[in-house]
Each structure stands twice: as C-alpha cells, then as structure tokens.
Amino acid sequence: MDLQVLALIVVGTVGAGSVVAGLGVRVLSPKAATQLTLTGVGIAFLASVVLAVGYAQNPEPQAFTLYRWGPGDFGMKIGFLIDSLSVVMMVVVTLISLLVHVYSIGYMREDPGYVRFFAYLSLFTLAMLLLVMADNFLLLFIGWEGVGLVSYLLIGFWYTRARAPSAGLKAFLVNRLGDFGFLLGMGALLAVAGSLDYSTVFAQSEALAQQPSPFSGLSALSLICLLLFVGAMGKSAQVPLHVWLPDSMEGPTPISAMIHAATMVTAGIFMVARLSPLFEGSEVALNLILLVGGVTALSMGLLGLVANDIKQVIAYSTLSQLGYMTLALGASAYAASIFHLFTHAFFKALLFLAAGSVILAMHHGQDIRHMGGLARRMPITAATFAVGSLALIGMPGFAGFFSKESIIEALAHSDLLLAKPAHFLALAGVAVTALYSLRLWWYVFQGTPRSTEAEQARERDPTVVLPLVLLAMLTLVAGFGVEAFLYGGLLGDALVVHAAHDTLARMAENWNGLGGAILHGFATPAVWLLGLSLVGGYFLYAKGYADKLAPNVSQLRLILIQKYGFDVFYENWVVRAGRAVANGCARIGDQHMIDGLMVNGTARMARRAAATLRQVQSGVLGHYALAMLLGLIAALGYLFLRG
Amino acid sequence: MSVAQEMILMLPEIVLVVGACFVLLCPRFLAWPLTMLALAGTVGAIVATAPEDPTMLMTGMFERSSEIDFLRILVCVLTVLILRYARGHPVSPDRLQSNEFYTLAIFGCVGMFLISGAEHLITLYLGLEILALSLYPMIAMVRDDGRAGEVALKYFVLGALASGFLLYGMSLMYAATGTLHIGELASQLGQLEMNRVLLLGMVFMLAGLAFKLGATPFHMWLPDVYDGASLPAVTYLSAAPKIAGLLLLLRLFSDGLMALAVDWTTLMMVLAVLSLLLGNLVAIAQTRIRRMLAYSAIAHTGFVFLALGAGTPHGMSSAVFYTFVYALMAAGSFGMLLLLNSRVASEDIEDFKGLNHSHPWLAIMVLILMFSMAGVPLTAGFYAKLYVLQAVVDAGLWPLAVVAVLLTVVGAYYYLRIVWYMYFEEADRPAEPGEDSAHVFLVSANALILVFIFAVPQPWLEMSRDVARVFVGGQ
Amino acid sequence: MLSLTHFMLLSGALFAIGVAGVFVNRRHALVLLMSLELILLAVNTNLIAASHYLQDLAGQAFALFVLTIAAAEIAIGLAIVVVVFRSRETIDAEDLSEVRG
Amino acid sequence: MSLLGLMIWAPIAAGFAALLLKDPDVVRRWALAASLFVFVLAVVAALGFDPAGGYQWQYRAPWIPAFNINYHLGVDGLSLPLVVLTAFIGILAILTGWNTATRHIGQFFAAFLMLEGLLIGVFCAMDAALFYIFFEAMLIPMFLIIGVWGSDNRVYAAVKFFLYTFLGSVLMLVAFVYLAIQSGSFQITDWHTFSLSSLEQTWLFLALLLGFAVKVPMWPVHTWLPDAHVEAPAAGSVVLAAVLLKIGGYGLLRFCLPIAPDASLALDGLVIGLSLIAVVYIGFTALAQTDMKKLIAYSSIAHMGFVTLGLFILYRLATETAMLSVSGAIMQMISHGLVSAALFVCVGVLYDRRHSRNIQDYGGVLETMPVFGALFVFFALANAGLPGTSGFVGEVMVILATFQAGWWLAALAAMVVVLGAAYSLWMVRRVVFGPAEHAEVKAFQDLSGREMLILLALAIPVLAVGLWPVPLLDLIEPSVAQLIDQAQTFKAGGAP
C-alpha cells in the first residue's frame, strides 16, 4: 500500500475518532465512546507499524501536500513528511496512546466526564501526529499549539476543583511564552529564507549561517535556532519554563503518563532533532542547549529528593530525563536523544501508570509518606515499578542504561565549548537519579505500611494491570534497539550531523555489540557512580539516616523544597508585575489620562466656557449697545490700520 | 415701460398691501380667511406676472426678476405656514381677538418683497424699515408679565441704532460715489480708488445688516427676543426675515460693493467665526428650548456669513441654499414647539423627555429636524453644510472650513441632547402636544420635506444658483 | 466757504453724539429715543449736504423718506415705552434686565 | 435597481415597515425574514463574483450633478467579504436581540434593519460623498440602539460614541470636499489616480487617518469603544464589534493608502507605532478589566491593532511579504468580526441569566451550562489565536510578515500570543471553570435553541476559515495586489 495513503489513514482514523467523540460527548455512552476511540487509535497504530515496515524496505523520505493553507509560495500548507524520524515517532505516539486508552478504561470508569476524556485523548493523539508528521513549520506550529491546547483541557479536566483549571491555565500560558519565541523564529525564517517548508529551509542552512542577524555576533541561523529553542524549552519544560510541569500533575494520571511524560514534553526534543540541519550550523545554539539541558537534568533531579507526592517525584524525574535528552541534542547526538526519548517513553509511562495503580489502590492518596510495604500487597505493580525504576537509573542491561550511557559518552566525545561541564552535570545527575528512585521505591514498596489505606491496598481489575505488564516487557526489550538507532543509521536520512560534531560516529568505532556495551559500561565512571549512590541511598533511606541528616542540611533542603524560588519568582514578578502594569495602563492610562483629561476634559472645558460666555448676555440694553459699538470700532480699526 | 405695465409687474406688492388693509378693517372672524386669501392672491399674482428677464421698474428703483420669485413665493408660503402653526397657541391672534397680528405679518411680507426687488438704496431702506416696524409691535404684542415689552424695547432701540448705522453708511456712500442706485454704485466703485469714506460707509452698512441677521457681536438682541416675545411672534421672526436679511446682504454687497470685496469678505469671515463660536458654545449651557434655538440661529447665521465670506458666486449660491434650508428647519422647529406648547407651556428642554414613548411619530419628526440642524446626512442640513464647505474650500480657505466644522461638532451636542431626552429618558410628566391634526400634518410635512430635499437636491441647488446669478456683478 | 467735508464732519459729530447718547445714558428710555432721533438727524444733514454739493436731488428725496420713517419709528418706540411702563412701572433701562442668560 | 442597491434599500424599507407592525411576533419574524433575504442576496453577489474582475455588480446613476456626486455602487475583493459578513451578522444580531426589547419592539428591529442596510451601503459606495453619507447616517441607528436599549449608563456612552465618530468623520468630510474640488469629482477611483503634492497628501492623510482611526479604533481615540460596548444591548455589541470596527479598517485601505501614498509612506511609522501600542498597552489594559464586555472590547482594540499594523507595514516589506501582511490584515478583520461577535453573544447569554457583566458574579458556569461552557471556551481560544480557528490566520500572517520589517516590531506584535491568551483564558478560568459558588449560577439552564443556533452559526465559519483559509484568500488576493501597487505608485516622488 502506498505510504502516503497509510499516513493519511493514521491521521484520518485518529481525527475521525476525536471529532465524533467530541461532538457526541453528550450523546455517546461510555462504552460506545471507548470502542470508537480505541478502534481509531488501534487502526492508527497498526497503520503506523505497517508504514514503518514499508518504509524500512525502501527508506527514501517522501513529502506530500494535502492542501495549501496560506497565501503565496511561503510553504504554508498542510503537508506530511514521511521519513525515519517521523515514522519512529508515529509508532511511539500511537503505541503509547493505545496503551493509555486501554489503561484509562479502568482508571476513569466511574468519572462522569468519561466520554469527554476519551475525546480529548484522541484529539491529543491527532495533534501530536500532526506535529510529528509535518513537512513545514506552519503545520508543526499548528500541531504544537494543538498539543498545548489539549494539555490545557486535560490538566483542567476536573474543572470543578479550584486548582486544576489554574494549573491548566499556567501550563497554557508558559507554553505560550515558548510559542512566542517559536513564532518569532518562524518570522525570522520567513524573512530570511523566504519560506516555511522544511526542504527549502534546510537547503539554505549554510547560506543562513553566513547571513548577519540584527544582533552583532549572532548569525541569522543562530538567531533562528535560539528562538526556535525557546519554543522547545517551553514545550519540553526546560529550566526557566519548567514551572508548569509539576502543576500539571493536577490532571488525571493517565494524562500525566501520556502527555507529561511520553509524548507532549518530547515534542521540543523532536523539534530540535527534526531541525538538526539548522541547529548543526550554529555552535552558539548547541552550546546553549548543552547548558540548559545540563542545568535541567541536575537541578530537577535534586528536587525529586524532597518531593513527597508520588506523581511529583516522577514528574521531576521526567524533567531530569528531558534534561538528558536536551544534553544529547547539544552534543549533536540526535539519534541518541531520540533513542532515549523512545526508551524513556516506555519506562516513564510504566512508572506513571504503576503510580496510578498505587493511587487507585490508595483511594486517590498520593503522599508517599502514607504508603510503604506495598510490594507484598501489589506484587505485579511492584515488579513492573521495579523494572521501570531500574531502566530509569540506567542499570546495565536495562533500556535506560543503553540510552542514558550513550548520551553521557556522547558528551565525553563532544568537543564543544561547554561539553566538559555538561558531562560533569550528567554524571552528577546519574547519582541523583539513583538516589530519588531508590527513595521512591523504598518509601512506597518497602518498609511497613504507614496508613490504613496502605494496609488494605489491593490491585484491582486487569485493564489497569495489563498495560503495566505490557509496558514492562516493552521496557526490557526497548534497550536492544540501541545499535539500530545509534549506529545502524535507522534515523540516518532524517538527521543531518556535521562531521566536526559527529560524536556518535566516534563512539561507533569502539562499539562491539550489546554484551560488549554492558561490559564496557562497567568500566565507565557512570556505572561506578550508580553503584555508589545505590549503596548510599540504601543507607540513607532503608536505614533511616536521611531523617537523622535532615536537620543539619535543612538550609539545602529548604531551597529544594522552595523549588529554587521559581514559583515565588513567577508569582511575585511575572504575575503580580503583569497585573500591576495592567492596572496602571487601565486606571492611569485609560480612565485618567485619555478619558479623564482628553475626552471628558474637553467636554468640561466647553461647558465652563459656555457658562462664562452666557454671563456676557447680561440683559442690560447698554451692554448690548456697547457690544455693537465695540464690534464696529474693531472693524474700523482693522480696516484703517491695514491701510 | 408704461405705467400700466409697471403696475402689472408690481401686482404682487399691490395685492399684499390691499389685503393687509382689508384684514385690518374686517371683523375678527373674517381675519384668518382674508389673510389666507391675500397671501394666496399674492402667490397667484407672482406666478401670473412673472417676466422673462429681469426688468427695471420705477425708474430703476425696483427690479422684478423671475429668479427671485421663488424666494418671494417661499416667503408667502412660510408666512402661511407660520400663521397656521400659531393658530392653536394660547397667545395666538385668534385667542387675543386681534387681527393686528395678521396685518403686521402681511406688512412684514410687503417689506420683504420690497427688499427682494430693491435696486435702489431708498427702496432697500424702505423695505427694511417696513419689515422692522412691523416686527417691533408684533414682539411687543401684550403678554402677561411684561417680558415682551422689555424685550421689544431692547429690540427697538438696538434695531433703530442698527438702521442708524445703515443709514449713515448709505449717506457716506452717497457722498462718496454720488449715486444711490446700486447698479451705478457698483460701476462708480469700479473707477474710484479706495478712500476712507468708502471704507467707513461699507463698515457701517455691514454693521447695520449684521444686526438684522444676528451675527456676533451684533447678536445680543436675538436670544432675549427669542426668549421674551410670544411664541407666534418668534416663529415669524425666526424664518422669513432671515431670507430677507440674506437678500439684503447679497443686493448690497455682492451686487453693489463687489469692488470692495477684499475688505468685506475678511470682515464677514470674522463675523462668521465669532458667530459659530458663540452660537454653538453658549447653546450648550441653555436649559430653555427657545434660547437654545436662538443661539442655534446665531450659529447658522455664522455659517451663512462663512459662505458669503468666500466672496465667490459659488459662495453666494451656497448661502442662498443654506438660508433656504435653514428657514424650513426653523419654521419646522418652532412649529413643533408651538404644537407641543398648545396645551402645556413647555419651555424647558426637559419637557421633550419621553416623547418617543408618548408620541413616536412626533419624536421621529423632531429627530429629523434636529439631525438636519446638526448637519447629519439623510437630511437637507447635510447638503447645506456640504455646499458651504465646498464654497469655502474652493476659495482656498480650508483652515476656516476645519474650524467651522469642528464647531459644528460642538454644536451637535445640544441637538443630540434633544434626541437623547426624547428617546432615552423617561418623562416625569407626559407631554401632551395639541390634537390639531392639520397642525401635525403640516409640521410633519415641514420635517419630511427636509428628507425629500436630501433625496432630490438637484432642483433646489439649481434654484439657489439662479438666485445668486441675479446678484453677481451689479447688472 | 463751507465745503462738503465740513458738513460731513458736522454730521459725523452729530452721529457720534447720538450713538454716545445711546450707550452712555442707560437709564432713561426717553433719552434713548431722543439720541436715536439725533442719529437720524445726523444722517439727514449728511444726505442733504451731499445732495447739494452733488447737484443731485435723490439725496433730498432720501432725506424725506428718512424723516417719515423716523416719525413712524418713534411712534412705535414711544408705544413700546408705554407698554413697558404699564407692566414694569419703570422705564429705566438698567433694571429692565430680567430676560438674560 | 441593482443587486447592491437592493441589498441596501431592502432592509431600510423593511425597517420602516417594521415600525408600522404592532404585534411583536410578526415584527420579529418580519425582521428575520428581511435579514435572511439580504443574506441570500449577499451570497448571490459572492457567488457571481470573479476575484480578478476588480469592481463588480456596479450600478451608477447621476444623483446630484451640482456637486458632481453620483449614486455609484460597486464591490471588489476587499469590500465583498465585508458585505457578506455584514449580511451574515445582521441575521445573528436580530436573533440575539430576539427578546431584548420589552417596549417599542418595532423600533428595535427597525433600527437594526436600517443599520444593516446603511452598513452595506458604506461598503458598496464607490462615490466618496455616498460613502460619507452612509458612514454618518449609520451613526443614527447605532446611537438609538445604544441609547434606548442599553443598560444603566447608556446615555453617556451613546453621546460619547456619536460625538467621537462625528468629530473624526467631520474632518474627513473637509478632506473629501478638498479632494472633490481639486479633482472635480467624488469618484474614489478617480482619486486613486489623481496626483497630489506631498504637502496636500500629508494634510489629507492626517484628516482621513483621524476619521478612520476613531472607527478602528486606534490607540489614543479608542476610549469610546469600551463604554459603547458595555452599555449597548447584546445585539448592538454584536453589530458594533463585528462590522462597525471594520469600517475603520476598510476606510484606511480604500482611502488613506491609495490616495495619499507618499504621506502613507512618510507617516507609516506613526501608524505602526500606534498599532503596536494598541496591541501591547491595550493588551495589558484588557488584563485589568473586571467587566466581561469591557475586557472583550479592549481585546477587540488589540486585535484591530493588527489590522492597522498589517496594512501600514507594507512599505517596509518586499512585495511578496507585503501581500502576506495586507491579506493577513483583511483576514484578521473578518475573523475578528466573527470571534468578537460570538464572545459578545456569549456574554449576552450570561447577562440574560444573571443581569451582570462582572466576572466576580460568575464562576463554574460549566457545571450547569456545559454546552455553553464548551462554546465559550472555544471562542475564547479563537480570540487567543488558537491555530485551527480563524483568530490564528490573520495574526500569524501579520506577525510573520512584520519580522522582515524589524525584529523588535515582530517581537512587540507577537506579544499578542501571550497577552491574548492571558486575558482571554483568565476570563474563561474565572467565569467557566472552577467550582460554582454563586447560587444563581447553580440555577442557570443551558443554551436555548435560539442561542445555540447563533453560536453554532458563528462557530462553523470560525473553524472553516481557521482550517482552510485559502478560498477566502483567493477571493481577496487580486484586490490586495492592486491595493499594494496603488499604495506604492507614489504621486509626489515619495520613493523610500
């Protein structure tokens, strides 16, 4: 079957599912809605697998246009690009979406907004697919905003709660801050390259690198890449724009799994990978990416150590892992970044869904201090959670090891300006990841149950547990794709890497199969660090030293608990300053200045002039005669003086 | 031209005078029908004896030209209209059992007829004085509290003073040029070079005439007279004499003193701006509808002087059209006031409140009148303003046009206030306008003709151009 | 010999006095009427002097008209003064200022 | 009687007829029938329109030879969409105002029908005097609508609306008269080619700019809009937002740019500056509003800032990008018409139930009115420029084009992405989402059939234009190209 038709099927079925479910939200019964959306996403997944296989046979990228959207030949069209990157992403997105659909059947069973939830799920999948399959910046932006919209709707899904809609709004606005940069990047592209179509833009990337930008020292290409990366930071929650992700946990857990772990947040990563031809041309951008990635990886991991809500911990872990993917991008190891995205999608979704099953068992309790000793009560969830955690910390042999190790190695090989500090941050991150994973595992599954709910926690119906098992198996298997992804050139055609930056090529030389990689792994500092921190973690949390040490590191803990003061900063500076400026403009600017002075002012002046002039009409005959005479004299004076 | 032929051409004036005498002597119940007969007869006479081309009568004292006949007919029609409006009013001639009002009205028409055809300073002065002398007693017509008397005295003294100025100006002109005939005056001025006596004479004449139309700073009498005199008198005063005043200005300045145009145009422009400024501004502060209409009259006079100030034939014809439209608007507004006043003496603007709820049809008529006064499209007032603006801009005085137009915006407020009182406010006590259906019909016709003129303006514009052509270049 | 300008100066002076009479004296209505007459007198002297020097009778005819109309005017003026007196008990122009604004 | 003539005078005649009808139900149906008839005519005009054909459906007859004014109607690519929008909004306005008027129902619908006729007249007039006559005449019905059926402070708002627009338009009249005297005719097409000195152009440009800036409204002369919107009845706000503001934009592109290109070039910085102030400053002002209608009114000003920005940026762009920015400006006009009209209908729906426009009085509306809540969120997102809705089309085209003129211009313009989302969604957050504390809100019933019809009738075009704007773009493209080269054929050597 022709690849283009397959691509249309993928988008079409998901689109149809979401539209029908959306419109029929009041009409459809939950069962009907489930069937509808599930079949939609199912077909989409199958179609994308077939597409992947079909593409693998003759891997040459095809771009085709559905219809023209904008004026002129600016490349503003609804067009799809089929190449290795988009195919891989399509498979990942549809698979994760399918699993979350199944999981949600159980999780959302007694929720009144069931049908609406499923409509949003498939709408999200549609937006994500558009984003992934776009062949021009415009459709990328449309998908980008669509994904932001659905995350806004889903975070604020339980709209009757006070905090959920605010969290949703915060997420949308922070995303919009990112989109502000993204839009400016597109504007710059249009101004300099003259079109938004990937192929034309990529062809001109060298020319753009030479062109000066309005800022001295920055080439046009660097400016564009920086602006586009701001958009990526907004979407993938990199440090300054990360504040919305922890709050997005207000949404239902399946959403946290799918959107805020596996798919949406990776959109930023995907974008930088997709635009690798551009980013390769700008060292400045790559260095910035390294910096941001490194800072995010470490700082967010640290926050995981002090968070007490199970979903918050996993959210910070997601932020930290995103930092790693960004680091990979900075090191021009785009394939490694996508591979880590691929593996992370599975084990992070697994962790979230397992957490969801724990939350369900704990009757929606999410505080890990009330949990404990659940391993015996919920064996399957515990086992799958263990697999996920091991993958997360990068235990050799597990998926995380292959993807995260390769990123750390890529950093080692990269000779960019900030490569060394980034490498150090990455290593520190490994230690921190191990610590908070162990802490989480211990508080939740080991020790004695610290609350009545924890006592009677039971695993419930299979639809919740089944996806866990499935995901666990996938997590175990995912790691083995390392060779295909990194060195086999699976994503070769989509990713352009300049020789100078090609860290993966350097790593390829001493690659000797999976076994060799594991053995080699043990020789790397990362694995040593991992072992050490696990032992340290055991003492800290299993043996309870953490509580003893807590007092004398209280200063440090306070900073972490305050989340480095970002929330306080946003609340005081951004929101309050914005409102102050708004009030200033409204009160002083509009009411007082324009309305008060200029408009009503002139009206009052006219009325006062009228009142005074009215007095002239005194009613006395003599005054009238005098006025006439003065008029006459004035006329005479004028005429005679004029001469 | 034998005497008989001249008599025929003078037939309208003769019919008028004879009619006036009959009305004076006839018993009361006959007064109204006789007046109507006299005025109808005059119109018939005008139409019957219309000459093809303008002919000089009375050895050059009087000129009968068919172009101006339209305005003479208009004067008659307006007089009929106004007298009909005044019938229902408590202080109307019928109630006062006096037919002097009617005789004075007809004599006023005689004065206006004389002015319209005057080709000689004496006839001009004669016509002006007949009009003035018939207005003084009409205003002083007895009213309860003596306000009319006081106002009449003021009007009389200032009017006499003004005609004194005019006469003195004429005498200086006579002394300087040696002739009283306007045609010869124009040719004499062509040869004479500028001298002080001429300028003095021109200024005095201008002052005298500016008083008649109520241009600032000679406007002081107007608000008091509009406010003090009885409503029928004011209605008469507000409409027809304005046309006569314009014809006077055209005859004297455009026809006679065209050679001194440079001087009197600047003076007229000063008068115009002052009138617009004062008229529009002070009207805002008024609470009594009559005083508001008085200041609006001053503002409209400002616009007429603006048109004349352009000094071009285009300006003259726009002044004629403006006065023609203004006369209709003034007659309509006062007619409406008479209608509203026939039972309850409503003098304040607040009395218009809630008119839309009690009488939607009348409210629409007042709306048309007010928007026409403000110069908003869909009414003839807009063309009047547009025509004057065209003349002024054509004469290259576009800054003046901007000033005038900005002042109309200030002016639009108090017209808008009437509409807002009618439509947006609730009436504390409902206004009960008169039930006299003929009166309602006439006022509505008066208002709707403004919309008709908007729809089909071409014939009226041609009329005003023909009238202006009569006065150009002293032929 | 007296030339036209002398007469015109005379009539100018008379005119000035008449006008001054109107707005200087604001109290007695009758004095007002008299000063109005004075103005018309000034106009007449001017007309007649001009007509004499210009050897043209029109001026004198005009003067006759002015006289007759002046008479009519004053008649009405006095009638109005009587009306005002009857209703206001005073003809003092100063306090005849009830209608204003 | 030409098609356009029928579209103008049919509603006006129907309006007069409505005055005579007594029974309210008959009046309502009559008004609806009249507006539907006009819409059918508009669709016929649109279908029979060939985009590349310049002015079509022309009807010309001498009206006032004395002033050389003739009754000349015609539509081209720029005015046709606005005419169809007016006809479409006309129906919705009548539906929105179905039972707003308790007294004088005949007058209510008569005012709307006449307003619709006059508005179509403004867009179809090809003779400047005719344009001016319709431009000012429509003040009368709008003045009465705001004044008679408005809420408590309606009188101040109505008078302010009238005098503000009257001031602007009166200066415009002097400019028209000057042009007519110089060029000898009131034909707009003649004026486009009539050569003027650069001094003349500057004065004319300023007079015309003030006249239309009041209507757009541009920044310093905008304070009448919030008052007019707050006080006008819902139906009045719909027409005011959807069509009256477009006259300002239409005027700029029909008069200022082609007639005074040199002055437009010299003063484009001024207009761009004012538009950016409108986008940023007014955006912040909208954030601080507590009254829903005021907030939407300010957001309208900010969105209309894009129209003026898009139009006047063309001198700093290459012709290809200039096409993008001017088409974006026109798309923004059309989309803003639909979106803000819908938002005002939504506020009207809430106002009918609780008679308050204050945001604090609502909260958690989604609980009792889910369908309304969904639509309200949809339109608020369209107002925030969400892709897939028409709000996005215009804005993205103007922002992308503006970058070529200067990165900091684009940066300021792009702030609408953040500010727009902020004030729209913040309002939605406080009104629709969250728990419903107020008892009244709990007692709300969901949309009635009529309200649902209106909102869906608006939602469909908003989505359609958002998803596939090309048909509309192809309709306006030839006229935009013509406008751009008219704006760039300098008359007094004003080359940049």
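Two residues are in contact if their C-beta atoms, placed from the backbone, lie within 7 Å. The model is predicted: local features need pLDDT of at least 70, side-chain atom pairs count only at pLDDT 80 or more, and totals for chains, interfaces and linings use all residues. Residues are numbered from 1 along each chain as its sequence is written, while chains are lettered from A and ligands numbered from 1 in the order in which they are written.

**Figure 1. A:G185 and its surroundings in chain A.** A:G185 touches A:I224, A:L227, A:L228 and A:G231, leaving aside residues up to four places away in sequence. Its place is in helix α6 of chain A. Helices (H or I, at least four residues) and strands (E, at least two) are DSSP runs, numbered from the N terminus. Is A:G185 buried or exposed? A:G185 is buried, because 25 other C-beta atoms lie within 10 Å. The cut-offs are 20 or more other C-beta atoms within 10 Å for buried, 12 or fewer for exposed, and partly exposed in between, with C-beta atoms placed from the backbone. A:Y334 is 149 residues from A:G185 along the chain, and their C-alpha atoms are separated by 21 Å.

**Figure 2. The contact between chains A and D.** Five pairs of chains are in contact, and chains A and D share the most contacts. Chain A gives 45 residues and chain D gives 45 residues. On the side of chain A, β1 (62-68), α5 (137-155), α6 (163-193) and α29 (566-616) each supply at least two residues. The most come from α6(A), with 16 residues. By type, the side of chain A that touches chain D has 28 nonpolar, 10 polar and seven charged residues. Ala, Val, Leu, Ile, Met, Phe, Trp, Tyr, Cys and Pro count as nonpolar, Asp, Glu, Lys and Arg as charged, and the others, Gly among them, as polar.

**Figure 3. The contact between chains B and D.** Here 25 residues come from chain B and 26 residues from chain D. In chain B, α18 (380-394), α19 (398-424) and α21 (458-471) each supply at least two residues of the side that touches chain D. Which helix gives the largest share of that side? It is α19(B), with 12 residues. The side of chain B that touches chain D divides into 20 nonpolar, three polar and two charged residues.

**Figure 4. Helices α4 and α15 of chain B.** Helix α4 (residues 66-87) and helix α15 (residues 313-341) of chain B have axes that come within 9 Å and cross at roughly 10°. That makes α4(B) roughly parallel to α15(B). Axes are lines fitted to C-alpha atoms, for helices over the stretch in contact, with angles from 0 to 180 degrees between N-to-C directions. Angles under 35 degrees count as roughly parallel, over 145 as roughly antiparallel, 65 to 115 as roughly perpendicular and the rest as oblique. From α4(B), the contact uses B:L74, B:L78, B:L81, B:I82, B:Y85 and B:A86; from α15(B), B:F324, B:A327, B:A331, B:G335 and B:L338. These residues divide into 10 nonpolar, one polar and no charged.

**Figure 5. Chain C.** Chain C has three helices and zero strands. Its C-alpha trace spans about 50 × 25 × 25 Å along its principal axes. Buried residues make up 38% of its 101 residues. Chain C and chain D do not touch; their nearest C-alpha atoms are 25 Å apart.
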